[in-house]
Amino acid sequence: MRILASGLASLCLALLLTGCANSVPRVETVMMTPTIPAHLTRQLSAPSIEASSNRDLLDLLAKYESLRRRANADRAAVVEIMANDVGGDE
C-alpha cells in the first residue's frame, strides 16, 4: 500500500512538473520615457529695458547673464533626468 501511495505521488508530481516545463515565458517590451517638468522646457522671455545710459546697458547685460545661467541649469536638469530615469520605476 505504501509503494502504491508513493508511486501515485511521484506520478502526480511528474505530471505537474511536465505542465510547467511546457509553458513558454512571455516577454513584453515596454517603452518607458522620463517625464520632464514643463518649467524646464518653457521658453525664457528676454528682459525688457530701455538703455539710455551705460548703467542701463550693464543692468541689461547682468539680466541676460542671469537668463543664460538659468537656461544652462535647466539643460543640466533635463540631462540628469534623462540619464537617471532610463528603466526607472516599474
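Predicted model: local features only at pLDDT ≥ 70, side-chain atom pairs only at ≥ 80, totals over all residues.
**Entry 1: R69**

R69 is exposed, with a relative accessible area of 57%. I then checked its charged partners. R69 forms a salt bridge with E65, and the closest N and O atoms are 3.1 Å apart. Both residues lie in helix α3. They are 4 residues apart, about one turn of the helix. Salt bridges that share partners join E65, R68 and R69 into one network.

**Entry 2: E65 and R68**

E65 and R68 are 3 residues apart in helix α3, so about one helical turn separates them. I noted the exposure of each. E65 counts as partly exposed at 28% relative accessibility. R68 also counts as partly exposed, at 43%.

**Entry 3: K63 and D59**

I moved along helix α3 to another pair. The side chains of K63 and D59 meet in a salt bridge, 3.8 Å from N to O. The cut-off is 4 Å, so this pair counts. K63 and D59 both sit in helix α3, 4 residues apart, about one turn of the helix. K63 has a relative accessible area of 35%, so I logged K63 as partly exposed. D59 is partly exposed as well, at 34%. I recorded a count of 4 salt bridges by this rule.

**Entry 4: D74**

Which side chain of opposite charge is nearest to D74? I found R70, 4.1 Å away. A salt bridge needs a nitrogen and a carboxyl oxygen within 4 Å, so D74 has none with R70. D74 lies in helix α3, which runs over residues 54-84. I also asked what D74 touches beyond its neighbours within four places in sequence. I found contacts with H39 and L40.

**Entry 5: the whole chain**

I stepped back to the fold. The chain has 3 helices and 0 strands. Read along the sequence, the pattern is α-α-α. How much of the chain is buried? Of the 90 residues, 8% count as buried. I looked up the surface next. The accessible surface of the chain comes to about 8300 Å². Carbon and sulfur atoms hold 60% of that area. Last, I checked contact range. I took the contacts between residues at least 6 apart in sequence. Of these, 58% join residues at least 24 apart.

Terms used: Residues numbered from 1 in each chain as written. Heavy atoms only, no water. Helix = DSSP H or I, 4+ residues; strand = E, 2+ residues; numbered from the N terminus. Buried < 20%, exposed > 50% of the residue type's maximum accessible area, 1.4 Å probe, protein only. Lys, Arg positive; Asp, Glu negative; His and termini not counted. Contact = heavy atoms within 4.5 Å. Areas by Shrake-Rupley, 256 points an atom, 1.4 Å probe, with all protein chains shown as cover.
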